[in-house]
Structure formats: C-alpha cells, structure tokens
Amino acid sequence: MTGEATSEATASGPEETASESVSVPITEPSGEVAASESKGEEQAEEPQEPQDPASQAPAPTASTVTKPAPPSEDVPSAPLLLTVEDVSSSSVTVSWEPPEKLGRLGLQGYVVEICREGTSEWVPVNARPMMVTQQILRNLALGDKFFLRVAAVSSAGAGPPAVLDQPVHIQEIIEPPKIRVPRHLRQTYIRQVGESINLQIPFQGKPKPQASWTHNGQALDSKRVNVRSGDQDSILFIRSAQRSDSGRYELTVRLEGLEAKAAIDILVIEKPGPPSSIKLLDVWGCNAALEWTPPQDTGNTELLGYTVQKADKKTGQWFTVLERYHPTTCTISHLIVGNSYYFRVFSENLCGLSDSATSTKELAHIRKADIAAKPKGFIERDFSEAPSFTQPLADHTSTPGYSTQLFCSVRASPKPKIIWMKNQMNIQGDPKYRALSEQGVCTLEIRKPSPFDSGVYTCKAINVLGEASVDCRLEVKASATH
C-alpha cells in the first residue's frame, strides 16, 4: 500500500483527455464500474479466442463512454472516506483513504472527476492516474457548483468510484466582522476643549463590511463629526472638541447578517470655575478659619481639590498654604502676630487651576495678646545691633552679555543703609547696576556685563551702631574668537 501524498491540479474542461499511458475510461454519473479487457475475461462462461486487449476497445479519452462490465479480482475496490477538507473562493481540497482491495495486478493511482451541476458529463481533473490520497483543485470560478468522485485504477481498469454525497459550492469565504479597539481607547478617552479628536479603529471582515457610528445612541452630527471608513478601519474626526461631544460613541460593523460592536467613552473637559463664595469664619491667636462653597462649573469632570493661598496686607505677595485640599473648610495656622491677611481659594481639576480665585473681603487681623500686668524688675530687651553679614558674597564668574547677580545677607537693627562699590568706587545711581534689599537679603544685578565689569565688588551696611562690609571678586570671561 502506498503512503499518503498530496497533489495539486487545475479544474480541466471537457476537452481534456485522460492519461495516455493507462487505459482509464471515463465513468458516467451513475457511478457504475467500467473495466477494460484483461486476462480475467478468459474465465468467462463461453469460450472464445484470446485477443489483444488493445484490439478490443479504442484508446480511452475524456469523451469515451464504455458500458459497465462486471467487476473482477483485477479491479480495485472504491476508495474509502472521501472527504472535502477545505473550500476557498478558488480551490477545493479533497482526501481519501486507499481501497480495501487493490486488485491482483496492483494499484496504479487514482483519477479525480467532477460533474458540474446541470450537466451529466464527468470530466477528469488529472490527465493520468496519480499515486496520491489528497488532491487540490485550483483556479475554480466563484459560484461553481459540482459533484466530485474518485476512482482507483489498476492496469485492468478503473474500479468503482467513491462519490461525494453533496455537491461542492465555490463561494467567497465570509470572515465574521471583528473590531480591535486600541488599548488607550479601552478606558475613558479625555480631551480638553478646543483640542482635536481623531479615533482610528481597525476592524476585520470579508467581504468589506459596513461601518456606522452613533453618539449616545443617536446619529452623528455631520456638521461637527467627520467619519471615513475603509476596508480595514474606520476614522472618526472632530476638529475642535466641545463639552457637548462627550459621551459614548459606538462603532457597529455589519456583514451578511453578522455584526460586531465596540463602545468608546469620550470626555471633553476644561478648567473649572472658582468657588462660589468664601467666608472668614473666625480668627483667634495665630489662626484663621475659612469656609467656601464648591464651584458651579467643575469643567465637566471631578475636582482634584482646592488650592488655598494667603497674602500679608503689607507686602501683597501670595503664598500657597494648601494644595489639592478636598474639604470646603480649613484652619490656617502659624500666622504672624500683628499682621493682617487676605485669603483666596482656587478650584483644580485635570486641566489645572481655575483662571480666577474667590477672595475674602474682610481682613484677618492677628492681634497681640493683651498683658494684664508687668512683673517688677522686668527689663525690656534692646534688640539694637550693629550690622553683621550672615551670608557673605561669593566669588563669581560670568559670561559676557548675560546678566548676573551677587547675593549676601545682613543682620542689623535698626535697618542699615546698603552701599555697593566696585574697586572701592561707589556705584550707586549707575544705570548698569540694580541694587535690591528685602528682609535682610541684599542683591546686586549687573546688566549684560562685559570684561570691563570684572573686579572686586563690596557690599557695605551702615547704621547708627556701626558698619560692616563683605567683598567678592567677579570675573567676566571674554568670548573666545576664532
């Protein structure tokens, strides 16, 4: 018995002939056996003269039709388990098992024949018998429908064929639709107002499926939303997102009564509004209690919290006290005795802080504690002191054309007078220099220095109790020339 093998063949027309090397007659749709003359005929009931089998019948062709002859031990039996393994839009693959009886003369191969629906003619696919148990018929036309049979062939002729019960139908393979949602769209897709939305959703399906979109179960607004669908993906585009574009977008892909759906949640957000109102509840010691109401507009998303700031009436500078604070009441501590404070509150979400804040109208005065009586012998401490530098100037190297600054810090009471000198020359009033002194920190800004500005800089602090000075060297390196 031969091993299993695979062969490919192209569906032939009625004009093709069978193999010339082996006498294989074409059988009729009835499936009866047509055997050629062989030595077994010598055992018939009526004796006759021996004749050459070639002189008994003409050479078989695809159009030759012979009358069925009784089977003999020389003719193999029908192949077993004829099965269609695969059908595509242009080919079909069939397989079978060898017959139980191979015949006394041995097996020479198999012949595959097809009969198109509506005709009665069986057409061989392979021109000559092939020793394979699997065959691929290619180049079939879309829509073809035909019956198929396989017969085993020996030198004595073809045995009875194995015929498929149902016809084979060549049709386009339908691939069910399937949507592949990108990973970043499997959770809520967040965009800010004014940004563009561009969703590209790939899908599969054959033939080309029909894609459609809905927004919260309703048809899309074609004036705001553009949709373009191809063979493998669908693109949804919004040039400038608005908060009304938030919601659930559902993509439906339909094909031959089958459909696949995918939902994408989009959230369009913007900065929140400020708290509706704020109130100074109480002031005691170095503490102040505040209360405010949430904003009317949260920016179409949840708030991350509130930012609370304070400002001293004297300086007017705002400092952050609390960030991303969730409650709507708070107590601010460690306020300086004798100062008066304003407070303001910002709202915050994913887009950032609100553009404006809600501020308190009344001041929080941090008063000194009243002293009922002074103990005898109390001597008031004198905080007056001569100037002393707590942070000296440091030598500095600068690049021509880039402004530089010199820093130092001084301690003195009463407040000292600050004088800046270069190479022991007073530079007060020179527009090239800008001197600042705030809370004991002295700063000298040198605007766009040049190598001429190199030298020793001195900061001198003077009050009624004395004076002090610190020096540093500034080197302005000239640019390298090529």
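Guide: Let me begin with a word we shall need: a contact means heavy atoms within 4.5 Å. Counted in that way, residues 24 or more positions apart account for 66% of the contacts in the chain with a separation of 6 or more. Please keep in mind throughout that this is a predicted model.

Visitor: What makes up the chain, and how much of it counts as buried?

Guide: The chain holds one helix and 37 strands. Of its 482 residues, 37% count as buried, a word that applies under 20% relative accessible area.

Visitor: How do you know that the structure holds zero disulfides?

Guide: A disulfide is a covalent bond between the sulfur atoms of two cysteines. To be counted here, the two sulfur atoms must lie within 2.5 Å. The sulfur of Cys442 has its closest cysteine sulfur in Cys459, at 4.5 Å, and this is too far for a bond. For the structure as a whole, the number of disulfides is zero.

Visitor: Why is Cys442 called buried, and what is the relative accessible area of Cys330?

Guide: The limit for buried is under 20%. Cys442 has a relative accessible area of 0%, so it is buried. Cys330, with a relative accessible area of 5%, is therefore buried as well.

Visitor: Which residues does Ile179 touch, if its neighbours within four places in sequence are left aside?

Guide: Among the residues in contact with Ile179 are Ile201, Pro202, Phe203, Leu251 and Val253.

Visitor: How do you know that strand 13 and strand 17 pair?

Guide: At least two bridges are needed for a pair, and strand 13 and strand 17 have six, so they count as paired, in the antiparallel sense. Within this pair, Ile201 has Ser234 of strand 17 as its bridge partner. Strand 17 also pairs in the antiparallel sense with strand 16 (residues 226–229), over four bridges, and there Arg228 stands opposite Ile235. With three residues between them, strand 16 and strand 17 form a hairpin.

Visitor: What makes strand 12 and strand 15 the edge strands of their sheet?

Guide: The sheet in question is open, with five strands in the order 12-19-18-14-15 and mixed pairing. Strand 12 (189–192) and strand 15 (218–219) are called its edge strands, as each pairs on one side only. Strand 15 pairs with strand 14 in the antiparallel sense over two bridges, and Thr214 stands opposite Ala219 of strand 15.

Visitor: Why is Asp312 said to have no salt bridge?

Guide: A salt bridge asks for a side-chain nitrogen of Lys or Arg within 4 Å of a carboxyl oxygen of Asp or Glu. The nearest side chain of opposite charge, Lys314, is 5.7 Å away, so buried Asp312 has no salt bridge. Asp312 lies in strand 22 (residues 305–312), and, leaving aside its neighbours within four places in sequence, it is in contact with Gln317, Asn339, Ser340 and Tyr341.

Visitor: Why is Arg324 called partly exposed, and what is its phi?

Guide: Partly exposed covers the range between buried, under 20%, and exposed, over 50%. Arg324, in strand 23 (residues 318–325), has a relative accessible area of 48% and therefore counts as partly exposed. Its phi is near 45°, a positive value in a residue other than glycine. Asn423, which is not a glycine, also has a positive phi, of about 50°, and with 42% relative accessibility Asn423 is partly exposed.

Methods
Residues numbered from 1 in each chain as written. Predicted model: local features only at pLDDT ≥ 70, side-chain atom pairs only at ≥ 80, totals over all residues. Heavy atoms only, no water. Buried < 20%, exposed > 50% of the residue type's maximum accessible area, 1.4 Å probe, protein only. Lys, Arg positive; Asp, Glu negative; His and termini not counted.
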